[in-house]
Amino acid sequence: MNFSEYNYQRPDYEQYKTNYLAGVQTLKEATTLEEASNALDTLNTFRGTIDTAANLASIRYSIDTNDSFYQAEDDFWNEYTPHFESLDFQFYQALLSSPLLPELKEKYPETLFLFAESRVKIFDESVIPFKQKENQLSSEYAKLIASAQIEFEGNIYTLPQMAPFAQSKEREVRKQAQTKISAFYRDNEAEIDRIYDEMVHVRTKIAHTLGFKNYVEFADVMMNRWDYDRAMIETYRHEILTKVVPVTQKLYARQAQRNQLDHLQFYDLSLDFPSGNATPKGTPDELVAHAQKMYHELSPETGEFFDFMVNHGLLDLLSKRGKQSGGYCTFIQDYQSPFIFANFNGTSHDVDVLTHEAGHAFQCFESRWINEPEIVFPNYESCEIHSMSMEFIAWPWMDGFFKEDTDKYKFAHLASALQFLPYGVLVDHFQQEVYSHPEWHAADRKNCWRELEKQYCPERDYSELSDLDRGTYWYRQGHIFNSPFYYIDYTLAQVCAFQFWKKFHVDQEDTAWNDYLAICKVGGTQTFLEILATGKLQSPFEKGALDQTILAVEDYLSGVSEETLA
């Protein structure tokens, strides 16, 4: 069955509520493990059906935000998702209070119960109106960004479609492209400020209503940070600041010299090489065909997985008007199907996003044996290991995507992954400051961003882009709006992905693929540190982990001659 044939039907909430609560009552009244297990399995089926409907509505709306039917469905889910969460809250309470809890913990993954404990802490009926408002604001931001129609060189482009111009070999084209992009955000500045201001206040109300000091504390519980705490995150951020930023500045200096520039302006950062950045060679269909060949050659498991994705139409890759920006992977429970969403634009990012989201999709394809919807994927810092590592695992096949640009691609890919770390922790630090000061006005947030940006990303010179110099770049980071505090996870995963890069391409360990496959198969049945142990990876929080990882990457990059990159 093709994705286009997957049936979406808006659920009847009241009927679902009746059936669901009957299942919860059965769980409460169970006196044997068999009875409790049957009740739990029934509830998982119910929850999987709702998860499927919500996912289908979300996917189809993200593909075309101008579709009136799915816009109405998006409105429905914005209003009713908190009500469904309320039902799940009652399930989690019943599960945790069951007299059979010790026996259930022997049968089901520990993370199900950890997840339940987290959800009980962050939900109450009283916050439903606030969560509905938060959902509405998230949709407003996503639709606003998707609405961009930027006139450039005689044509109209979406924001993702502007990327090739921002990477042009012609300096003036790069500058004008960034100027046009900045103008879109400036023209919508008041609206973006309003949306985010309301987001901060409504999220703070949620946190205070549930007894948290602020939304920072709430978010760390929401993000299921079971193995580490905010203090460890702050120490880790400082490690990035002191140990990684000096290395990235050397890379930027090398880039300026390579491109024969005395100094890099912000609009110069996107051009890696004077001959132009590496770009994929071929049409989108040809890229997918090569990816299919690659995954067959990589392993039987990945070959089966990618055939499934192609044969069921589970890839939506092209950028178009009305389509939301970014890329993602999700899992459609009732159809046991991953789904990949992207915005191809002719840059190397097309291959990055394809392999990245394929890493997510392969993981949940291998984890589809898990019946509990909330733990098919692991926590974010864990699931990003699968995606970021897959980007590196795919390196031996890059010549099929990039031809003569392969060496340039690998260098830029590894360098940009390292350069991402300071930016990634900047986003987390910024959000911590914002939600620690909910009384701030828009100008305060912009000032905070710019001050932090100067620390973590000192290479960003906005002297010719005054709008960005006022501290508005974060408008472009959708996670800040729609997935708060989901960003430090990328950096933690990146440090782990570098370890897989080293296993595969430096040390060439025989067990590298088996280690990766193992962490895919366990899905969300393990915590972050448990997954690292399964994959034979060192925790980013361990003393020396960052030193060894960064040194290996720096050594590799230093060993690549500029002649190779011409």
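Let me begin with helix H11, where a kink of about 40° lies at Val244, shortly before the proline Pro246. Please bear in mind that this is a predicted model.

H11 covers residues 230–258. Just after H11, Gln260 adopts a positive phi of about 55°.

I turn now to two helix pairs. Helix H12, residues 284–298, packs with helix H13, residues 300–311, at an angle of about 155°, and the two axes are 7 Å apart. Angles over 145 degrees count as roughly antiparallel, and H12 and H13 are therefore roughly antiparallel to each other. On the H12 side, the contact is made by Val288, Ala291, Gln292, Tyr295, His296 and Leu298; H13 contributes Thr302, Gly303, Phe306, Asp307 and Val310. By class, this contact has six nonpolar, four polar and one charged residues.

The second pair is helix H14, residues 349–366, and helix H22, residues 512–521, whose axes come within 7 Å and cross at roughly 65°. H14 and H22 are therefore roughly perpendicular to each other. Gly359, Phe362, Gln363 and Glu366 of H14 make the contact with Trp513, Tyr516, Leu517, Cys520 and Lys521 of H22. Here the classes are five nonpolar, two polar and two charged residues.

Methods: Residues are numbered from 1 along each chain as its sequence is written. This is a predicted model: local features need pLDDT of at least 70, side-chain atom pairs count only at pLDDT 80 or more; totals for chains, interfaces and linings use all residues. Side-chain values use heavy atoms; hydrogens and water are left out. Axes are lines fitted to C-alpha atoms, for helices over the stretch in contact, and angles run from 0 to 180 degrees between N-to-C directions. Helices (H or I, at least four residues) and strands (E, at least two) are DSSP runs, numbered from the N terminus. Angles under 35 degrees count as roughly parallel, over 145 as roughly antiparallel, 65 to 115 as roughly perpendicular and the rest as oblique. Contact means heavy atoms within 4.5 Å. Ala, Val, Leu, Ile, Met, Phe, Trp, Tyr, Cys and Pro count as nonpolar, Asp, Glu, Lys and Arg as charged, and the others, Gly among them, as polar. The expected span of a helix is 1.5 Å times one less than its number of residues. The bend at a residue is the angle between axes fitted to the seven residues ending there and the seven starting there.
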